[in-house]
Amino acid sequence: MHYIDGFVVAVPTAKRDIYRAHAEAAAVVFKDHGALGLVECWGDDVPEGKLTSFPMAVKLEKDETVVFSWITWPSRKARDEGMKASMEDPRLRSQGPMPFDGKRMIFGGFEVIVDA
């Protein structure tokens, strides 16, 4: 089964187009280094929770939107190699600073156990 890198970030709502352009360019880099695909989802119905929620997890501010994204890789090995190569690829750095606060990003790698 595939391997997934998942991400949740808070993006300034006014920077939606900048974020989208950044993500589209990054997708090319990740795919060049073995990713099968990249999906970016702009929050549309992301409620505040009482104990936990996406907004709470990223310390969402009033002028921000939650973004949920993932990269699909063929395997953990392909992800480890592809992510390392992507992070070293000058095309990622050439886009300038990330259009969000990376300190509040949540991320992790996941082994797919059901794909129905």
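Start by selecting W73: leaving aside neighbours within four places in sequence, W73 is in contact with H2, Y3, D5, F30, H33, G34, A35, L36, A78, R79, G82 and M83 (contact means heavy atoms within 4.5 Å). A word on what's on screen: this is a predicted model, where local features need pLDDT of at least 70, side-chain atom pairs count only at pLDDT 80 or more, and totals for chains, interfaces and linings use all residues. Residues are numbered from 1 along each chain as its sequence is written, and side-chain values use heavy atoms, with hydrogens and water left out.

Next, pick D5, in strand β1 (residues 3-12); strands are DSSP E runs of at least two residues, helices H or I runs of at least four, both numbered from the N terminus. Its side chain makes a polar contact with the side chain of W73 at 3.1 Å. Such a contact is a pair of N or O atoms within 3.5 Å; within protein, one must be able to donate a hydrogen and the other to accept it, and residues adjacent in sequence count only if both atoms are side-chain atoms. D5 counts as buried because its relative accessibility is 3% (buried is under 20% relative accessible area, exposed over 50%, partly exposed in between, with a 1.4 Å probe and protein chains only).

Now select Y3, F7, A26, V29, F30, A35, I71, W73, M83 and L92 together: that's the largest nonpolar core, 10 residues in all. A nonpolar core is a set of buried Ala, Val, Leu, Ile, Met, Phe, Trp, Tyr and Cys residues joined through side-chain atoms within 4.5 Å. Elements giving two or more residues to this core are β1, α1 (16-32) and β3 (64-73), and α1 gives the most, with 3. A second, separate core has 6 residues, including V9, V11, A23 and V67.

A salt bridge here is a side-chain nitrogen of Lys or Arg within 4 Å of a carboxyl oxygen of Asp or Glu, and the count comes to 10.

Slide along helix α3 (residues 76-88), where E81 and K77 sit 4 residues apart, about one turn. Their side chains meet in a salt bridge (2.7 Å, N to O). K77 is exposed at 57% relative accessibility, whereas E81 is partly exposed at 48%.

Last stop: D89 and R91, whose side chains meet in a salt bridge (2.8 Å, N to O). Which of the two is buried? D89, with a relative accessible area of 9%; R91 is partly exposed at 36%.
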